[in-house]
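I opened this model to work through its strands, its aromatic rings and its nonpolar cores, and I kept the notes in the order in which I looked things up.

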Amino acid sequence: MKALKKKITLMLIPDSNGMLKQMKIPVGAIYIAVLLALIFLATNLFISAEFFTDKVSKAELAKLRAENNELKEKYEQLKWSLSEVEDRYSSLVDKEVKIRNLFNLPEIDPEERQLGVGGPLSPGLANLSLTEQTALSTEVEVERLLRLSKFELEKYNEVEEELSKIKKRLEHTPSIWPTQGWNSRGFGMKYDPFTGYKQMHRGIDIANRNGTPVIATADGVVKRARVSTGMGRFITIDHGYGFQTRYGHLSKFKVKEGQRVKRGEIIALMGSTGYSTGPHLHYEVIRSGKFFNPNEFILNDK
């Protein structure tokens, strides 16, 4: 207390013409003045900090709101894009179903395509903002479409594999005319030109000039290229899948036994060898050891 009562003497020295002045200031007054100055400075600093903090917070909040609105718009656009993907996926499914029906392939149960998933809803969903809910629903839709697309890709691979098998089988099924010419004798019970009696004619006869090209009617392997009394020079092709074709009365071979041939490939020339009255091709279709009317397998025009 005594220290506070002490005084400090200040001497003011004016210019050469002035008088010397003295001022006595109590030490306590100086302390109070310094303390008030410090309080004033601290208050100003606090108010300034609050002001700038508020300004920064509002700017940051405005920025976050702008980003939030931008994200919301992007998610809305993404939802429209996902809707288009959904339509395209549905179109692919429709095409797959049509292909399966066209080629008599096993159908897929519609319920199997749903690839259902489930589970309890999270209790925190209600606390999410609208943008967060939009983001979550979009994420769920993306995952669903990814699962469906993976499933559909697997099914398309199955269809492709089955169609490849069908394609291979079709390539090995006799289905075109073996040569150019005129039908001189059909399949079934026909009169024999040499005896005049009816007997089973197990193929069809196609007449044309000697040397007319004869082609394979399907892919296969030449099983026989030989000569017999009745058929003369003849070729037998094994096509697999139970099919064989036979070509008789040939004048010349263009292939040999064991050779692989493709549909449309020239295998021989027409002739009149063996039991024949003139140049023609005798053509037979055999399936699982049984003779069929070749006309039932021919799909093209001459």
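The entries below go from the whole chain to single residues.

**Ground rules.** I am working with a predicted model, in which local features need pLDDT of at least 70 and side-chain atom pairs count only at pLDDT 80 or more, while totals for chains, interfaces and linings use all residues. I number residues from 1 along each chain as its sequence is written, and side-chain values use heavy atoms, with hydrogens and water left out.

**Whole chain.** I looked up the secondary structure and found four helices and 14 strands; helices are DSSP runs of H or I with at least four residues, strands are runs of E with at least two, and both are numbered from the N terminus. Of the 302 residues in the chain, 28% are buried, where buried means under 20% relative accessible area, exposed means over 50%, and partly exposed lies in between, with a 1.4 Å probe and protein chains only. The accessible surface comes to about 20700 Å², and carbon and sulfur atoms hold 58% of that; the areas come from the Shrake-Rupley method with a 1.4 Å probe, and for residues only the protein chains shown count as cover. I then turned to contacts (heavy atoms within 4.5 Å). Among those with a separation of 6 or more, 62% are between residues 24 or more positions apart.

I count two strands as paired if DSSP finds at least two bridges between them. Strand β8 (residues 220–228) runs antiparallel to strand β9 (residues 232–240), with seven bridges joining them, and V222 has I237 in β9 as its bridge partner. The hairpin from β8 to β9 passes through three residues. On its other pairing, β9 meets strand β10 (residues 243–253) in the antiparallel sense over six bridges, with G240 opposite F243 in β10. What phi does Y241 have in the turn between β9 and β10? The value is positive, about 55°, in a hairpin that has two residues between the strands.

**Strands β3, β6 and β13.** I next followed β6 to its partners. Strand β3 (residues 182–185) is joined to strand β6 (residues 204–207) by three bridges in an antiparallel arrangement, and the bridge partner of W182 in β6 is A207. β6 also pairs with β13 in the antiparallel sense, here over four bridges, and D205 stands opposite H282 in β13.

**Aromatic rings.** My search of the whole structure gave three aromatic pairs; rings of Phe, Tyr and Trp (its six-membered ring) pair if their centres lie within 6.5 Å, and planes under 30 degrees apart count as stacked, over 60 as edge-to-face and the rest as tilted. Why do I call the pair of F243 and F297 edge-to-face? The planes stand at 85°, with the ring centres 5.6 Å apart, so the pair is edge-to-face. This pair links distant parts of the chain, since F243 is in strand β10 and F297 is in the segment after β14 (290–292), 54 residues apart. Both F243 and F297 are buried. F292 and F297 also form an edge-to-face pair, at 6.0 Å centre to centre and 85° between the planes, and F243, F292 and F297 form one aromatic cluster. I noted that F292 is partly exposed at a relative accessible area of 23%, whereas F297 counts as buried at 15%.

H249, in strand β10, has a positive phi near 65°, and its 4% relative accessibility makes it buried. S288 is likewise not a glycine and has a positive phi of about 55°; S288 sits in the loop between β13 (280–287) and β14, and at 66% relative accessibility S288 counts as exposed.

**Nonpolar cores.** I take a nonpolar core to be a set of buried Ala, Val, Leu, Ile, Met, Phe, Trp, Tyr and Cys residues joined through side-chain atoms within 4.5 Å. The largest has 22 residues, and V214, I235, Y247 and I267 have the most contacts inside it. At least two residues of this core come from each of β6, β8, β9, β10, β12 (266–270) and β13. Apart from this core lies another, of five residues, including L82, V93, L145 and L148. Last, I listed the contacts of I267 beyond its neighbours within four places in sequence, and these include V214, I235, I237, Y247 and F253.
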